[in-house]
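Here are my notes on the model you sent over. Have it open while you read, and go through the points in order.

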Amino acid sequence: MTTISKADTTDTKQQQTLQKSQLQSQSQQQQPQPPIQTEEELEWVKRYILLGMVMQILNHDIRIIDSSGIKFPRLYESVLRSIQDRVLLDLAHTKRLFREQGIKVYEENKEEKGLRARYVCRGYHHQFFMLWGFVKAEAERLLKQFMTVL
């Protein structure tokens with residue numbers, strides 16, 4: 001007959017507890033955690049902010065054309081309005097992506113050195129900052145993209 005001492009029972013329980021904790025830590029390591037924010041989502045937010053700036057630029061230019069003395073103001077205004085329509089479609093598409101991914105831009109601040117945006121992505125708050133030189137260059141690049149499609 002085999003006798004089991006209390007020390008043997010305690011050692012067995014400790015080993016079982018250790019094995020359980022090792023298995024739990026291994027399973028936690030094997031399950032990939034979803035990213036707080038992907039690079040693609042950051043690009044969507046940046047594009048959304050820049051599209052808003054492009055809309056402001058187009059609105060300004062349309063007002064200037066209306067009050068200028070150029071020969072064909074209606075022609076230039078119609079070209080700018082067609083670009084504006086495409087920008088609005090792109091904005092609508094981006095907003096739909098935001099709803100699907102749980103993204104919401106809740107603050108945009110124009111500061112002395114640049115533009116700051118604050119937003120939520122799947123419950124996590126983020127912010128980013130773009131210098132005015134970068135905003136200008138990217139807005140110009142976007143405008144060129146919309147103009148080449150004409």
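**Notes on the fold**

1. Along the sequence the pattern is α-α-α-β-β-β-α, which gives 4 helices and 3 strands. Helices (H or I, at least four residues) and strands (E, at least two) are DSSP runs, numbered from the N terminus.

2. Ground rules before the details. This is a predicted model, in which local features need pLDDT of at least 70 and side-chain atom pairs count only at pLDDT 80 or more, while totals for chains, interfaces and linings use all residues. Residues are numbered from 1 along each chain as its sequence is written, and side-chain values use heavy atoms, with hydrogens and water left out.

3. Overall numbers: of the 150 residues in the protein, 27% are buried (buried means under 20% relative accessible area, exposed over 50%, partly exposed in between, with a 1.4 Å probe and protein chains only). The protein exposes about 11000 Å², with carbon and sulfur atoms supplying 55% of it; the areas come from the Shrake-Rupley method with a 1.4 Å probe, and for residues only the protein chains shown count as cover. Of the contacts between residues at least 6 apart in sequence, 58% join residues at least 24 apart (contact means heavy atoms within 4.5 Å).

4. Have a look at helix α3, residues 73-101. Its 29 residues reach 42 Å from first C-alpha to last, close to the 42 Å expected at 1.5 Å a residue (the expected span is 1.5 Å times one less than the number of residues). After α3 comes Gly 102, with a positive phi near 75 degrees.

5. Which elements do the buried residues of α3 pack against? They pack against α2 (39-67), β1 (103-110) and α4 (132-148). Among these buried residues are Leu 80, Ile 83, Gln 84, Val 87, Leu 91 and Thr 94, and Glu 77 and Asp 90 are on the list too. As a reminder, an α-helix has 3.6 residues a turn, so residues three or four places apart point the same way.

6. Now the sheet. The 3 strands make an open sheet in the order β1-β2-β3, with antiparallel pairing (two strands pair if DSSP finds at least two bridges between them). β1 and β3 (124-131) are at the edges with a single partner strand each, so one side of each has no neighbour in the sheet. From one strand to the next, the twist averages 20 degrees.

7. β2 is mostly covered, with 6 of its 8 residues buried. It is joined to β1 by 7 bridges, and β2 (residues 114-121) is joined to β3 by 8.

8. Leu 115 has Met 130 in β3 as its bridge partner.

9. α2 lies across β1, β2 and β3, at about 50 degrees to β1 (axes are lines fitted to C-alpha atoms, for helices over the stretch in contact, and angles run from 0 to 180 degrees between N-to-C directions).

10. Last one: is His 126 buried or exposed? This residue of strand β3 counts as buried, at 18% relative accessibility. Its side chain makes a polar contact of 3.3 Å with that of Gln 37 (a pair of N or O atoms within 3.5 Å; within protein, one must be able to donate a hydrogen and the other to accept it, and residues adjacent in sequence count only if both atoms are side-chain atoms). Leaving aside neighbours within four places in sequence, the contacts of His 126 include Ile 36, Ala 117 and Tyr 119.
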